[in-house]
Amino acid sequence: MLTALRRFVGSGWGPWALLGVVAVVHVVVTLVGSDPFAMVDLDVYVQGGQHLGPSLYEFVTQPLELPFTYPPFSALVFVPLGWLPWVVARVLWQLASVAALALVILFTLQLLGRAGRHATRPLPHLTGTVVTATAVSMWLEPVRTTFNYGQINLFLAAILLGGAVSARDWWAGASVGLAAGIKLVPAITGLYYLLQRRWTAAVWAVAVFVATVVLMVAIIPRRPGGTSPR
């Protein structure tokens, strides 16, 4: 079994063919299901970019009436996506999510010492392994729901893991601050650098997050009368 798997990931076409088949099946299964790529969370992000201003936390999407509950910086990030037709935005988001998933797997292998310049036990067929793992991982429940709802989790994980594998403290910390500026939950990753006593990384995490807040305070227009949006 292991021998056959090694031959498969080592082939030039097998992993890519598997990924293509999995992508097609994933689309078909979703389209015939009860939630045909509604991507309701992506809709919230995109409309947040379109409501960037005092009304950011007042609008709700239809028909589920979902409010925008993320830091204002995330709305700024999604402004360009709002310029595209909704169908195009959804397709690009799905493709980018696949790429983010592949990066998550690659960075994880680097942390395990199986990939990268400093790998202690490098994998013989890294590309084939990453592509195969990406195809298989698309059927894991957390990943599948992330695709179906159009969530941002895979991108945040890729950013955080990209910082974790970096030897540069400024980028390790900045990745945490940037991710927290988009969605607050990733801020807990800062504890990882505190436990490692990488104080420079921790300072960068706080500094970049604060910078996202200051930026939004500066560019979001105030309501008439001088009051800021909540």
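A salt bridge is defined here as a side-chain nitrogen of Lys or Arg within 4 Å of a carboxyl oxygen of Asp or Glu. By this rule the count comes to 2 salt bridges. The structure is a predicted model, in which local features need a pLDDT of at least 70, side-chain atom pairs count only at pLDDT 80 or more, and totals for chains, interfaces and linings use all residues. Residues are numbered from 1 along each chain as its sequence is written, and side-chain values use heavy atoms, with hydrogens and water left out.

## Confidence

The predictor's confidence in each residue is given as pLDDT, from 0 to 100. The protein chain averages a pLDDT of 89, and 94% of the residues score at least 70. Over residues 226-230, pLDDT stays under 50. For this stretch the model has 7 contacts (heavy atoms within 4.5 Å) beyond four places in sequence.

## The salt bridges

Helices (H or I, at least four residues) and strands (E, at least two) are DSSP runs, numbered from the N terminus. Glu-141 forms a salt bridge with Arg-144. Both residues lie in helix H7 (residues 141-149), 3 residues apart, which is about one turn of the helix. The side chains of Asp-169 and Arg-198 also meet in a salt bridge. That pair links distant parts of the chain, 29 residues apart: Asp-169 is in helix H9 (residues 169-182), and Arg-198 is in the loop between helix H10 (190-195) and helix H11 (199-219).

| Salt bridge | N to O distance |
|---|---|
| Glu-141 and Arg-144 | 3.1 Å |
| Asp-169 and Arg-198 | 2.8 Å |

For accessibility, buried means under 20% relative accessible area, exposed over 50%, and partly exposed in between (1.4 Å probe, protein chains only). Glu-141 counts as partly exposed because its relative accessibility is 44%, and Arg-144 counts as partly exposed at 27%. Asp-169, at 25%, is likewise partly exposed, whereas Arg-198 is buried, with a relative accessible area of 17%.

## Helix H7 and its surroundings

Within H7, the residues Val-143, Thr-145, Thr-146, Phe-147 and Asn-148 are buried. The buried residues of H7 pack against helix H2 (14-31), H5, helix H6 (126-137) and helix H8 (153-164). After H7 comes Gly-150, whose phi is positive, near 70°.

## Packing of H3 and H5

Helix H3 (residues 40-50) and helix H5 (residues 86-111) pack at an angle of about 115°, with their axes 11 Å apart. Axes are lines fitted to C-alpha atoms, for helices over the stretch in contact, and angles run from 0 to 180 degrees between N-to-C directions. In this contact, Leu-42, Asp-43 and Val-46 of H3 meet Trp-86, Ala-89, Arg-90 and Trp-93 of H5. These residues divide into 5 nonpolar, no polar and 2 charged.

## Backbone features in loops

What form does the peptide bond from Gln-62 to Pro-63 take? This bond is cis, with omega near 5°. Pro-63 is placed in the loop between strand S1 (60-61) and strand S2 (66-67). The loop between S1 and S2 is also the place of Glu-65, where phi is near 55°, a positive value in a residue other than glycine. Glu-65 counts as exposed because its relative accessibility is 52%.

Arg-197 is found in the loop between H10 and H11. Phi of Arg-197 is near 60°, again a positive value in a residue other than glycine. At 65% relative accessibility, Arg-197 counts as exposed.

Technical notes. Nonpolar A, V, L, I, M, F, W, Y, C, P; charged D, E, K, R; others polar.
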